[in-house]
Amino acid sequence: DDLSDKAFEKALSFDPSNASVLNNYAYYLSERGKKLDEAERMSQKSLDARPDEATYLDTYGWIQYKKGNYLKAKDYIERAIRLAADKADATLYDHLGNICYQLNEREKAIEYWRKAKTIGGGDDALLDKKISEGKLYE
């Protein structure tokens, strides 16, 4: 983790406004639940550069989820899905399912987890467990 953080930081030292690097580093931090305020700032900067980039909207939404801002997270992930349209991947629907679960929208959560499983490319064993038990596992 430290080595990858250093690699991202080195890349940003050369080009501090590189939207792709900012987004990828922010997402990586959010996945680990680390430096979420810093991740949020980097993600916002990437969105400022490319506001209609579904991947960047997902990253920002996922950071909001990790910070417990579930309504804001839902808004960003839903926007990402709308923009990605038929290219929306399993991760987007899995994220939306997790958010709905946290908002006590259990039936919607299961529906989105099923959609993620249908699309494929996610963690099938974890999705199966979420769907069959109707519970959030991360």
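## Close-up views of a predicted model

**View 1. Ser46, a buried residue.** Ser46 is buried, with a relative accessible area of 0%. The model shown here is predicted. Ser46 is found in helix H3, which covers residues 36-49. Which residues does Ser46 touch, leaving aside its neighbours within four places in sequence? The contacts are Ala19, Leu22, Asn23 and Tyr56. Tyr56 turns up again in the next view, as one of the H4 residues that meet H3.

**View 2. Helix H3 against helix H4.** Two packed helices are described by the angle between their axes and the distance between the axes. For H3 and H4, the axes come within 9 Å and cross at roughly 155°. Angles over 145 degrees count as roughly antiparallel. H3 and H4 are therefore roughly antiparallel to each other. H3 passes H4 in a left-handed crossing. On the H3 side, the contact uses Leu36, Ala39, Glu40, Ser43, Gln44, Ser46 and Leu47. On the H4 side, Tyr56, Leu57, Thr59, Tyr60, Ile63, Gln64 and Lys66 take part. Sorted by class, the contact of H3 with H4 has seven nonpolar, five polar and two charged residues.

**View 3. Helix H4 beside helix H6.** H4 covers residues 54-66 and H6 covers residues 90-102. Their axes come within 11 Å and cross at roughly 30°. That makes H4 roughly parallel to H6. The crossing of H4 past H6 is left-handed. H4 brings Asp58, Trp62 and Tyr65 to the contact. H6 brings Thr91, Leu92, His95, Asn98, Ile99 and Gln102. These residues of the contact of H4 with H6 divide into four nonpolar, four polar and one charged.

**View 4. Helix H6 against helix H7.** How do H6 and H7 lie, roughly parallel or roughly antiparallel? The axes of H6 and H7 come within 8 Å and cross at roughly 165°. That makes H6 roughly antiparallel to H7. Their crossing is left-handed. From H6 come Ala90, Tyr93, Asp94, Leu96, Gly97, Asn98, Cys100 and Tyr101. They meet Arg106, Lys108, Ala109, Tyr112, Trp113, Lys115, Ala116 and Ile119 in H7. By class, the contact of H6 with H7 has ten nonpolar, two polar and four charged residues.

View 5. Lys108 lies in helix H7. Is Lys108 buried or partly exposed? Lys108 has a relative accessible area of 39%, so Lys108 is partly exposed. Not counting residues up to four places away in sequence, Lys108 touches Lys74 and Cys100. Lys108 and Asn98 are ten residues apart in sequence, and their C-alpha atoms are 9.7 Å apart in space.

**View 6. The salt bridge of Lys74 and Glu105.** The structure holds nine salt bridges. In one of them, the side chains of Lys74 and Glu105 meet at 3.0 Å, N to O. Lys74 lies in helix H5 (residues 70-84), and Glu105 lies in the loop between H6 and helix H7 (106-119). The pair therefore ties together parts that are 31 residues apart in sequence. Lys74 counts as buried, at 12% relative accessibility. Glu105 is partly exposed, with a relative accessible area of 25%.

View 7. The side chains of Arg79 and Asp75 meet in a salt bridge of 4.0 Å, N to O. Both residues lie in helix H5. How many residues apart are Arg79 and Asp75? They are four residues apart, about one turn of the helix. Arg79 counts as partly exposed, at 29% relative accessibility. Asp75 is also partly exposed, with a relative accessible area of 36%.

View 8. The side chains of Lys130 and Asp94 meet in a salt bridge of 2.6 Å, N to O. Lys130 lies in helix H8 (residues 124-133) and Asp94 in helix H6, so the pair ties together parts that are 36 residues apart in sequence. Lys130 counts as buried, at 1% relative accessibility. Elsewhere, salt bridges that share partners join Asp37, Glu40 and Lys67 into one network.

How values were computed
Residues are numbered from 1 along each chain as its sequence is written. This is a predicted model: local features need pLDDT of at least 70, side-chain atom pairs count only at pLDDT 80 or more; totals for chains, interfaces and linings use all residues. Side-chain values use heavy atoms; hydrogens and water are left out. Axes are lines fitted to C-alpha atoms, for helices over the stretch in contact, and angles run from 0 to 180 degrees between N-to-C directions. Helices (H or I, at least four residues) and strands (E, at least two) are DSSP runs, numbered from the N terminus. Angles under 35 degrees count as roughly parallel, over 145 as roughly antiparallel, 65 to 115 as roughly perpendicular and the rest as oblique. A crossing is left-handed if the near helix is turned anticlockwise from the far one by less than a right angle, and right-handed if clockwise. Contact means heavy atoms within 4.5 Å. Ala, Val, Leu, Ile, Met, Phe, Trp, Tyr, Cys and Pro count as nonpolar, Asp, Glu, Lys and Arg as charged, and the others, Gly among them, as polar. Buried means under 20% relative accessible area, exposed over 50%, partly exposed in between (1.4 Å probe, protein chains only).
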